[in-house]
Amino acid sequence: MSIIDFHTHLDEAWLGNSLMNSEDFIAGLDKTGVDIACIFTMQGFYEDCPRHNDLLLKRADRYPDRLIPFVTVDPKQGAQAVKETKRCLSNPRFRGMKFHSWIQSFAPSMVKETMIDILHCAAEHKVPVLFHDGTPPYATTFQIADLARQVPEADIVLGHAGLADYVYPAGQLLRDIPNLYACLCGPRCGDLQYLIQEAGSHKILFGSDFGIAEWLLLAERLDNVYAADLSPDDLHRVLYQNAARLLKLDQSPLSAADATSIVPKGDLT
């Protein structure tokens, strides 16, 4: 069965600790049977977003048929963040966006005007927007769901399906908001059963956070899905079909010929 991991990180370091390179990352995907991974930065949440978007694309372009980079911007920068969103999404290699409002230190209501502009841009380019959720005060599941209500044409993804304390309201929000989805990155197999029962298997995507830890994390997260004892159809939706639909893989399949870096002048290796 084909698998897409919708929530991973591929960066050189996090808080001073070295992370794995692209080759080791791909080896982890191979070891666990994952075909495609959506990759996010870590350093870009703290530092120069344009630089780290370009670095992320450069890493993804080593394996363009396996890795899908997501844009990161800082909405506290206002018009500059919107400009960076447009710059990156003009490159079809970027098929999504990732925000970590807890780490990036903004509540969506603090940057409402800019965030609405960014979400409209994402909707125009037909790319999903994944938000870290489940941790107050900046990233509760309710705050992210409210963005989905404000921009119904944008596909919004809860990065952790409520994580722990917000899993139960996440299920109800997924049920009630048509453009809201959830990435099962953290919750347990029993939580997956609840989310599907409440909102339907078409609303849930698999994710692992692989990249900030070794391949065993990815294997454990997959085991949680398999242990939920889903029907073959539900399992296929969660592990592949839902993500493929949001990423438009049916319209534009990944190819080894897709590498089209927009790395600025200078060596960023």
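Predicted model: local features only at pLDDT ≥ 70, side-chain atom pairs only at ≥ 80, totals over all residues.
**Stop 1: α2 and α3**

Select residues 49-60, helix α2, and residues 79-89, helix α3. Two packed helices are described by the angle between their axes and the distance between the axes. Here the axes come within 11 Å and cross at roughly 15 degrees. Angles under 35 degrees count as roughly parallel, so α2 and α3 are roughly parallel to each other. Look along the pair: α2 passes α3 in a right-handed crossing.

Now show the side chains where the two helices touch. On α2, pick Cys-49, Pro-50, Asn-53 and Asp-54. On α3, pick Glu-84, Arg-87 and Cys-88. Colour this contact by residue type, and you get 3 nonpolar, 1 polar and 3 charged.

**Stop 2: α3 and α5**

The crossing of α3 past α5 is right-handed.

Select the contact next. From α3 come Ala-81, Val-82, Thr-85, Lys-86 and Leu-89. From α5 come Thr-114, Asp-117, Ile-118, Cys-121, Ala-122 and His-125. By type, the contact of α3 with α5 holds 6 nonpolar, 3 polar and 2 charged residues.

**Stop 3: Gln-43**

Move to the loop between β4 (36-40) and α2, and select Gln-43. Is Gln-43 buried or exposed? Its relative accessible area is 18%. Buried means under 20%, so Gln-43 counts as buried. Show what Gln-43 touches beyond four places in sequence: Asp-11, Glu-12, Ala-13 and His-52.

**Stop 4: Ser-208**

Go on to the loop between β10 (204-206) and α9 (215-226), where Ser-208 is found. Ser-208 is buried, at 0% relative accessibility.

Ser-208 and His-7 are 201 residues apart in sequence, yet their C-alpha atoms are 5.7 Å apart in space. His-7 is also one of the contacts of Ser-208, leaving aside neighbours within four places in sequence.

Zoom in on the side chain of Ser-208. Which side chain does it meet in a polar contact at 2.4 Å? That partner is the side chain of Asp-5. Then find the backbone nitrogen of Phe-210, which lies 3.0 Å from a polar atom of the Ser-208 side chain.

Methods:
Residues numbered from 1 in each chain as written. Heavy atoms only, no water. Axes fitted to C-alpha atoms, helices over the stretch in contact; angles between N-to-C directions. Helix = DSSP H or I, 4+ residues; strand = E, 2+ residues; numbered from the N terminus. Parallel < 35°, antiparallel > 145°, perpendicular 65-115°, else oblique. Left-handed = near helix turned anticlockwise from the far one by under 90°. Contact = heavy atoms within 4.5 Å. Nonpolar A, V, L, I, M, F, W, Y, C, P; charged D, E, K, R; others polar. Buried < 20%, exposed > 50% of the residue type's maximum accessible area, 1.4 Å probe, protein only. Polar contact = N/O pair within 3.5 Å; in protein donor to acceptor, adjacent residues only side chain to side chain.
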